[in-house]
Amino acid sequence: MRVRITFAKTDLMRFTGHLDLHRAWERLIRRAGLPLAYSQGFSPHPRINLASALPLGFTSDCELVDIWLEQEITTEEIRLALAQAAPPGILILVVVPVDDRLPALQTVVEASEFSVTFLDPADDLDARCLSMMAAESLPRHWRSKPYDLRQLILDLRLLPDDDQGHRRMQVTLSAREGATGRPEEVIAALGTIPESTRVHRERLIFKETVLAAG
Amino acid sequence: MVTPSEIQSRLERILPGVQKPGRYTGGELNQVVKDWEAISTRVALIFPDLYDLGMSNLGMTILYELINQRADSLAERAYSPWTDMEEALRESQLPLYSLETKHPLAAFDILGFSLPYETLYTNTLNVLDLAGIPIFSAERTEAHPLVIAGGHAAYNPEPMHAFIDAFVIGEGEEVIQEIIDAHQAWKRQGTPRIELLRALARIWGVYVPALYRDFYHPDGTFSHLEKLIEEAPLPVIKRIVARLPPPPTRFIVPYIDTVHNRIPVEIMRGCTRGCRFCHAGMITRPVRERPVDEILAGIEAGLQHTGYEEVGLLSLSSSDYTHILELVKAVSEKFAGRHLNVSLPSLRIESFSVELMDALQDTRRSGFTLAPEAATERMREIINKPVSTEQLLETARAIYARGWSNIKLYFMIGHPSETIEDVQAIADLCRAVLAEGRSVIGKRAQVTAGVSTFIPKPHTPFQWVSCDTMEQIRLKQALLKEKLRGPGLKLNWNAPEETLLEAWLSRGDRRMAEVIYQAWKRGAKFDAWGEHFRFTVWQEAFQAVGLDPAFYTHRERPIDETFPWEHISTTVRKKFLTEDYLWSLQGRTRVDCRERCFACGILPTFAELRRQNPGEVWQCPEVKSKRVQLQELIPVSQVVAGDFSSQ
């Protein structure tokens, strides 16, 4: 059976990269004693499919993973087993069965919505955001390849300050294959060092949702 | 002192900017966090290399579990930060901290360093410096933690004598408890630090270098060591446990990928083979085996706690474990269908090994490793690893026939009396193995030759011999690189500079401490990492101290030379080592000592322990009669000292 799990990646788990998160999931399912399915063939791989890589250092409570199990088990049993075996920093939120014929998660992600908290004072944030959004293009380099960041920013708006008075904003970035915006690039383009911010993924936006909203 | 919460909050800004921040966060599954304030003895276990390596160290895991099982003690972990993290820590004036509670290392009662290999020495100094603790033992006061160290490299503690307050010689499972007890008693009494050191010296297996002085002959060779107080033991006898305690099972599961992500289960400690180059084989005697049931239970519990996909059945020579076939069959039956990879390293060169690997039903069949160590029968007799070339080729045929396409062959160059023909023979043998592979599976067959350079180690029958010079190593490696070219062949080798560093440090004396200090002062660290190791820094350090590195490496020692590590007794007698060395010069071999006891010295020393643990637990012959009481031997001096000097 194919199961879709919504989970939070918080706390120290934010320093676990995408590949390591994949391994963490395999171990979590094995500890939970669930009959994880493996691919056939010479070197069997666990059937685990993460929706969209979350850059190192960021937290989230809307991560999605599909896993395949060799037996039918109630979602409540799965949820309990996973919750008990979860490592610090992974919180199991929702477990639902899904149709095995649905396309792979990573092919249907359209965009990601992030909230950014500025730990240092950022008085002129409004002006900086405005001028960035007004720009026609924002030429930048990622791993020495040039690209236009502006085209990847779908939306940007300021949020109310948090209870400690830190400035906050919300940014929606394209997350299509080959066109993925990185929040730390937006932060850098605003003239702030990424280490002085906290980034949290609030929402994954799927193709259907985008169409429905449009 | 900076508080844990300050460290924690400063880390928030530092971690996002360093490579692999998961190395520095702690908080992993199965870590143990105890109430700091409610605990009387706090121990920081430190592996002075990168987290990625240190997390796979079984010794650290064993001690972590044992200390944390005590209600009155806690153990936390620390590792060497990579250079980017070190820079960040120094820049923000943060001390090195423990992963569990972020306490500065200076806040602990005891710092316990793991020293499995010599190239961690400069990192040890660097960790002390990052912790803000005086580098030199003599400069520490009652306000500083006690700095102890153990591990295989500690069997020659002298190069590090100036930096470590007390060394654990041998196995740590029991002695760590006694060290903690002694520390607690000392803390209650509130006496000067020297009293703690005196108390530690009375514990079997503990060496306190400050209680001794070294003397040299006019030609620079070592003369002797004198104790400065009467109760200091001479020699210091290594500590062993009579039976292996149940294996640890609550392995910490890192957030990031590390060197080995697996459950390591020690199936046996020690080795009966007697390979003359092998440090581990000489210092870890006697052979003690763990029962099959205990191993299976350990794996099961380990899997439940970690979810790992791999188990490593560890020993120095897996094939020699008495119930190896039973164990392998039980493992593959019990864990069938659970997608578990089982690694079984150190197999003998015989077709039975192929059957064993086959029984494990390892579907990967990636590579099969054999370690002939030398390529001619003459050379293998000298090193006492007698295997016929025909047997090796036959085993290779069986391996290829059972589905493996790559055979990894481990060799060493630089064995005593090696000629260029013996080196050429390595290439010839690799080609012969490849030819066997081609005849069985055609062009898919591969041979990977791993050729390291032999480093003579203390306490082995080869402790007298000269290590190859840079020129000799280069010449031999050039020959191999030329001869081992072509399809299906791959060659790996070590940088000769790294070999020489390890060789200097391995057989160093107390004067070497200043060289280590000078090298560290000049920036030496992560010497085991090619990208950081700087040979010239070490050459400068030798020059600054006025010592000749060649004295330590390229000198065949006279048979009657006294060595600076002789006060450390592995209980394998020098008389036995001398005889074995002389036998090697004649090409005489010894059979496995399970077949015949050669009286290496283990049994006379530990007769009482053996008598109390009869049967299969030990692989030494049984001792029936009541002989010398162990209690009389330890704390040591007279009885054993007499025995020792009579050789």
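Chain B of the predicted model contains 23 helices and 19 strands, where helices (H or I, at least four residues) and strands (E, at least two) are DSSP runs numbered from the N terminus. The radius of gyration of chain B is 25 Å, close to the 26 Å that the globule rule gives for 647 residues, so chain B is as compact as a globular protein of that length. The radius is taken over C-alpha atoms, and the globule rule is 2.2 Å times the number of residues to the power 0.38. Along the principal axes, the C-alpha trace of chain B spans about 70 × 55 × 55 Å. Of the 647 residues in chain B, 49% are buried; a residue is buried if 20 or more other C-beta atoms, placed from the backbone, lie within 10 Å of its own, exposed if 12 or fewer do, and partly exposed in between.

The model is predicted: local features need pLDDT of at least 70, side-chain atom pairs count only at pLDDT 80 or more, and totals for chains, interfaces and linings use all residues. Residues are numbered from 1 along each chain as its sequence is written, and chains are lettered from A and ligands numbered from 1 in the order in which they are written.

Two residues are in contact if their C-beta atoms, placed from the backbone, lie within 7 Å. Among contacts in chain B between residues at least 6 apart in sequence, 76% join residues at least 24 apart.

The domain assignment, automatic or from a database, divides chain B into domain 1 (4-233), domain 2 (242-361) and domain 3 (570-645). The centres of domain 1 and domain 2 of chain B, taken over C-alpha atoms, are separated by 28 Å. In chain B, 19 residues of domain 1 are in contact with 18 residues of domain 2. On the side of domain 1 of chain B that touches domain 2, helix 2 (51-54) and helix 3 (58-69) each supply at least two residues, and helix 3 gives the most, with four residues.

Helix 20 (residues 574-585) of chain B has 12 residues and reaches 17 Å from its first C-alpha to its last, close to the 16 Å expected at 1.5 Å a residue, the expected span being 1.5 Å times one less than the number of residues. Leu577(B), Asp580(B) and Ser584(B) are buried in this helix. Helix 12 (377-382) of chain B is included in what covers the buried residues of helix 20. Helix 20 of chain B is followed by Gly587(B), whose phi is positive, near 70°.

Between the chains, 20 residues of chain B are in contact with 20 residues of chain A.
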